Amino acid sequence: MDQPLTSPPASLQGLTPQDVSARRAAGHSNDVKLQTSRSYRQILQENLFTVINTIFFAISLVMFRLGRFSDGVLVVVVIFGGVLVNIYQEIWAKRQLDRIALLNRPKATVIRAGQEQGIDPSEIVLDDLLLVQPGDQILVDGQVVGEGRIEVDESLLTGESDLIPKQCGDLVYSGSFCVSGTACYAAQKVGAETVAYKLMAGARAFRRSLTPLQVEINLVIRIFMLIACFLWALVGISFFSSKYSANEIVQRFAVIAGLVPAGLLLAITLAYGLGAVRMVGQDVLIQQANAVESLSNVDTLCLDKTGTLTTNQIQLVDLYPIGLSQAELLELLGDFAANLSASNRTSEAIAAVCPGQTRSVKAEVPFASARRWSAIAFEDGVYVLGAPEALQASSGPLPSELNDYIQAGVRQGLRVVLFAHSPNARALDHPDTSPQLPAGLVPLGLLRFSDQLRPEAAATLAEFARAGIRVKIISGDHPQTVVALAKQAGLSGDLLVVSGAELAKMDPAQVAHAARTCTVFGRISPEQKAMLVRQLRQTGCYVAMIGDGVNDVLSLKQANLAIAMESGSKATRGVADIVLLKDSFAALPRAFLEGQRIRNGIQDVLKLFLIRTFCVTLLIFASAIVTDSFPLQNKQSAIVALIGVGFPTMCIPIWAKPGLLPRRSMVRSILHFVVPATLTLTLVALLVYLFYLVVAVLDLPPGADLAQVNHAIPRSALVAILVMGELLLIPFIKPPTRAWVGGEPYSGDWRYTLVAIALLGVYFLIVAVPPLRRFFELYPLDPIHYVFIGLVAIEWGFMLRFIWRTRFLDRFLGVNLN
């Protein structure tokens with residue numbers, strides 16, 4: 001949890017209520033909206049003003065101009081109806097996320113009239129006195145006042161990871177974080193003038209990154225945009241080089257525009273929105289829309305020990321006096337803990353056992369993970385508490401019996417620290433330089449602390465192991481302590497271990513090898529932790545990092561997916577994509593399953609869109625080569641898109657199930673499922689179209705011009721075979737029985753097949769109702785023709801299943817597609 005507040009210095013009284021009211025009336029307050037999600041204006045802008053929407057809008061205007069009002073209305077209803085659904089979905093998701101974000105909004109601690117108050121950041125006014133402690137975000141720009149000293153992480157502003165010491169007179173900037181120490185600062189810039197306002201709430205703005213699936217989908221959409229542009233250019237040329245009318249040209253422009261799978265974005269939005277809502281009830285706060293889907297890509301999970309694997313409820317279990325009695329050691333430890341300006345879990349555990357007295361403090365060095373020690377100077381000298389390895393640089397090697405005591409503790413998974421003393425009371429009097437250990441430290445005692453393992457830790461790690469996710473524990477504690485706790489958590493086998501000191505001596509190639517092969521990393525500094533995560537990403541791993549302390553911020557920013565505990569520091573929660581509410585470590589496997597559900601649903605949707613788009617594209621080229629005609633009209637293309645792809649893809653993300661997907665590239669997935677379905681469906685559809693086109697030609701009176709051929713019958717037949725073929729693909733994607741298994745594994749879920757049957761009924765309803773049939777420009781074929789086309793579709797289904805099951809395409813290409 002966040003550190004308890006300390007009493008403000010008596011000399012720092014802050015503003016009075018009258019001062020606050022006057023400044024607020026003058027407009028000098030911090031009352032600005034820092035967005036937790038996209039604004040309504042951004043949602044409208046990104047959904048309405050797109051290139052493809054502009055093209056459709058222009059096409060509809062031209063159709064209105066040519067008197068084809070029904071075509072113009074169809075374009076508006078189908079395309080902009082989908083846009084309105086998308087806008088509604090995103091606004092709903094925005095409201096949900098904004099409501100959830102209120103749970104995680106940082107609080108400001110101000111001193112007013114000599115009293116500490118916790119307020120919302122929007123209530124800060126100019127000249128307010130703010131108290132900042134380890135883990136706190138600096139919310140407005142200001143200047144340090146009083147005797148406090150802090151170290152600040154300004155990496156979000158400068159990109160540099162070095163900690164910057166701040167004391168009286170130094171400037172602090174919003175968007176940075178306090179890592180160690182406690183101090184007060186006066187607000188000098190508030191509202192729109194602060195750095196935080198310009199950087200949009202600090203850390204989260206820069207972490208907007210696309211998942212691999214989003215990258216693939218964006219690539220698909222861009223490719224089809226290029227194909228559409230190429231076809232538009234050909235149609236435009238044909239207008240000047242042939243006898244086609246303006247009406248025919250506009251029809252073709254509209255059909256080609258429909259090739260761009262803009263509905264994919266709607267499917268993704270729906271899937272992400274549903275995922276975020278499902279996770280709210282699982283104690284998981286989603287701070288990035290794609291975070292849950294991103295989790296399904298994770299193959300390496302890095303986590304800190306303290307506060308993540310353990311509960312961070314530290315207890316002092318044993319101590320070993322050196323050169324003094326146990327009572328004397330307890331008294332000194334009590335005074336040390338009682339006089340720290342900023343307590344931490346270790347000092348709180350000491351204070352719980354060793355009551356101390358308030359003494360005159362000459363100087364203090366707060367604890368920082370990079371140093372691994374803290375110090376306080378009294379009149380009789382400097383007392384230092386820290387990791388034994390860190391303090392031995394000044395105290396010299398410890399006797400063998402003390403090393404045995406340390407090793408016995410770490411083998412039990414205990415944290416061991418050394419307490420030492422220097423008689424030089426002025427050893428810390430160097431405010432302008434980085435803190436240095438006092439020379440000639442004399443060991444006074446060793447302390448051993450226990451940290452309780454989270455009850456759900458073993459089961460959670462086991463679930464990740466079953467999912468094929470490698471776990472790496474990176475901690476600032478002794479390597480053997482981490483190993484002992486890792487084994488208690490269920491990690492078995494020979495755990496390869498490396499320490500921070502060993503890591504510092506390695507060259508980049510050795511670091512990369514250690515990052516890949518080792519499981520436990522101990523005595524690791526925050527910079528080394530970030531370096532390990534970065535090295536893992538560079539080797540091709542998709543890395544999730546879980547942390548709770550300020551020392552985890554750097555590594556969280558380097559990870560593909562940043563996960564924070566709710567009880568962690570504000571800085572950690574600020575950079576996280578996912579926050580585990582109630583520190584629910586056990587919620588991670590559920591979030592992982594939800595990510596799989598989203599990814600599986602989107603990939604199924606992608607397959608349907610690709611087959612439909614490739615198929616229509618090939619039909620356009622094929623019919624132009626074979627018959628010098630255009631296969632579909634705008635309304636006919638629309639009904640194929642709506643019934644064959646549009647409506648089914650509204651159900652697939654909702655009903656998708658979790659499950660591991662084969663880790664293969666999108667190209668292999670396309671070759672495996674999409675290419676056979678596309679090529680065979682295109683061939684069958686073209687043959688049906690040509691068959692009915694030949695029949696139409698034979699029905700012409702003798703001597704008639706071929707230009708008089710009635711294309712309504714072959715086009716209606718083409719619509720029928722495309723609709724039936726696309727609906728047949730749905731049970732192939734989710735096989736309800738093993739008889740349907742071919743391109744995809746057995747599902748057993750009949751809901752998808754029932755949707756396909758229902759949509760087939762909708763199509764026949766449109767054909768049967770004259771006003772609907774006329775609107776979509778469909779010719780009423782005789783029932784025997786629909787039976788014939790249905791049998792052709794069924795035969796195509798058997799042929800496609802045969803190709804999948806015999807792995808014909810795999811053999812022909814000479815590759816393994818599974």
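A salt bridge is taken here as a side-chain nitrogen of Lys or Arg within 4 Å of a carboxyl oxygen of Asp or Glu. The model is predicted, so that local features need pLDDT of at least 70 and side-chain atom pairs count only at pLDDT 80 or more, whereas totals for chains, interfaces and linings use all residues. Residues are numbered from 1 along each chain as its sequence is written, and side-chain values use heavy atoms, with hydrogens and water left out.

View A. Arg597 and Glu594 form a salt bridge in which the closest N and O atoms are 3.0 Å apart. Both residues belong to helix α24 and are separated by three residues, about one turn of the helix; helices (H or I, at least four residues) and strands (E, at least two) are DSSP runs numbered from the N terminus. Arg597 is partly exposed at a relative accessible area of 21%, while Glu594 is buried at 4%, where buried means under 20% relative accessible area, exposed over 50%, and partly exposed in between (1.4 Å probe, protein chains only). In a network of salt bridges that share partners, Asp604, Lys607, Lys734 and Glu744 are joined.

View B. A search of the whole structure finds 17 salt bridges, among them the pair of Arg523 and Glu389, whose side chains meet at 2.7 Å, N to O. Because Arg523 lies in the loop between β18 and α21 (526-538) and Glu389 in helix α15 (residues 388-395), this pair ties together parts that are 134 residues apart in sequence. Arg523 counts as buried at 11% relative accessibility, and Glu389 counts as partly exposed at 34%. Arg415 in strand β14 (residues 415-422) and Asp477 in the loop between β16 and α18 (479-488) tie together parts that are 62 residues apart in sequence; the closest N and O atoms of this salt bridge are 3.2 Å apart, and both residues are buried.

View C. Eight strands form an open sheet of mixed pairing, in the order β8-β21-β20-β19-β9-β16-β18-β17, where two strands pair if DSSP finds at least two bridges between them. Because β8 (284-286) and β17 (497-499) stand at the edges with a single partner strand each, one side of each is left without a neighbour in the sheet. The twist averages 20° from one strand to the next. Strands β16 (residues 470-474) and β18 (residues 520-522) run parallel and are joined by two bridges, with Ile473 opposite Val520 in β18. Helix α20 (residues 508-517) packs on the sheet, touching β16 and β18, and its direction makes about 115° with that of β16; contact means heavy atoms within 4.5 Å, and axes are lines fitted to C-alpha atoms, for helices over the stretch in contact, with angles running from 0 to 180 degrees between N-to-C directions.

**View D. Strand β13 between its antiparallel partners.** Six of the six residues of strand β13 (residues 381-386) are buried. Strand β12 (residues 373-378) runs antiparallel to β13 and is joined to it by six bridges, with Ala375 opposite Val384 in β13, and a hairpin joins β12 to β13 through two residues. β13 also pairs with β14 in the antiparallel sense, over five bridges, and Val382 has Ser422 in β14 as its bridge partner.
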